[in-house]
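Let's take a friendly walk through some aromatic rings and their surroundings. Have the structure open as you read.

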Amino acid sequence: MKKHYLKLVLVSAACMLSVAAWAQDEAYKQDPRYGSSPEERHQNVLNLNFLTEKYKMKQYDEALTFLRPLLATAPQASQNMYIYGANIYENKIAAATSLDEKNKYIDTLMMIYDKRMENFGDHAKYGKPYITALKAQKHIQYRPNDIAGITKTFNEAYQVSGNNIDPELVILYFNAIVNAYKEDAIETDLLLNEYDRLSPLFAENVTPQKEEAKKTFEALFVSSGAANCDNLEKVFRPQVEADPNNLDLLKKVMGLLTRAKCTTPFLGEVGEKIYEVEPSSSIALTLAQVFENDPEKANKYLNDAIAAETDPIAKASLATQLAGNELANDNARAAADYAKQAIEYNPEYGPAYMMLAHAYAVGTNSCGDFSRQAAFWLVVDTLTKARSLMEGDEEQCKNIDAQIATYRGYFPKQEDIFFNTLEVGSGYTVNCGWVSGRTTVRAR
């Protein structure tokens, strides 16, 4: 009884499958996606099945015999046939033995994307934005020197995707533009205009991926060589003048100018606009460098930087720079004061001792013969301290050793020490104008 029941179930199931298959077959014959007549639709369903089978078996030439009639008579049959076709022609591009053959296959690949866009452009996930981006990517990959074509396909993708365009595609496109510029295939203005046009994309809907892409984008621009000071000012001065309070724009411009190592008046203008709104030690330091030929301004910004800085090591570095500025402007006493200030911030900062020693050396010109000679004991002491703190810097140590040797030549002679009732090795307080300090008596 059980066997008989099982047999009836199997027969019933077979009948149901047969009816379903028949109904499905009839559905194909009524579906205009597969052709204009029942016979054509039936044949195209077979062609689609054969295409899939041959593609999976990597029998690409045979697969194409089924793809071509599908594209001609049933272009809306399936998205898969466009995926298969694109992969087949990429395989053929890789295997091409001549440029003409390769170009023919590339043309066909582009046609497949166009055809897919025409018939499946409204797909929710893999519609026009996806297809245009894919086409642009492949155009860049296979025709990297076709700047006009690359620009056209990229702009198609940009037009349909807007600010949601894939940042990786933007990088691919901009890299192609930069390479063309390096090969003198495009003018500077085109590169600068494209940079200016695409930069805002990285400020929209910021994600970690976009942040990384932005770094690459900026690095490409700088590496192009077009990002020189004159070009950057040419592009961005009109923007800054049109929107002088746009902090994001100002920061972007300042970043590009500093990365290009510009110390132009334009950088000073931009930096001062930022500093008015967001003063910081880093911007103050940049402004000090820009205004190095204006000691009053340079020192103001360095002092501002010290005041804004919280790290004592950084403060010491800034104070040492101030000392260097003062020394360059023949203000040895002020230089010594800033060097001492740096040492207070960081007693282990060798460059501050070097600067102090140089200030002392200049300051010795303000006193008499023996007092001046004795002051060089203090100069050498200070340089020796600097050397002990900079042992790891071989080049700097050689430089300090040479200076010590020079300044020892200015020490008093033995008879001068005797006539001043002093003994070698005894303590001595230097009083040479403003240069003062405790040291040890030594002969030349």
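## A buried tyrosine and its partner

Tyr195 counts as buried at 0% relative accessibility, where buried means under 20% relative accessible area with a 1.4 Å probe, protein chains only. Phe236 is buried too, with a relative accessible area of 1%.

This is a predicted model, in which local features need pLDDT of at least 70, side-chain atom pairs count only at pLDDT 80 or more, and totals for chains, interfaces and linings use all residues. Residues are numbered from 1 along each chain as its sequence is written, and side-chain values use heavy atoms, leaving out hydrogens and water.

## Ring pairs

Rings of Phe, Tyr and Trp (its six-membered ring) pair if their centres lie within 6.5 Å; planes under 30 degrees apart count as stacked, over 60 as edge-to-face and the rest as tilted. The count by this rule is 24 aromatic pairs. One of them is the stacked pair of Phe154 and Tyr173, 4.0 Å centre to centre with 0 degrees between the planes. Both Phe154 and Tyr173 are buried.

Because the ring planes of Tyr195 and Phe236 stand at 90 degrees, with centres 6.1 Å apart, this pair is edge-to-face. Ring pairs also link Tyr195 and Phe236 into a cluster with Phe174, Phe202, Phe217 and Phe221.

## Charges over rings

Here a charge sits over a ring if NZ of Lys or CZ of Arg is within 6 Å of the ring centre and within 35 degrees of the ring normal. Lys297 lies over the face of Phe291, 4.2 Å from the ring centre. The charged end of Lys300 is found over the ring of Tyr301, at 4.5 Å from its centre.

Terms used
Buried means under 20% relative accessible area, exposed over 50%, partly exposed in between (1.4 Å probe, protein chains only).
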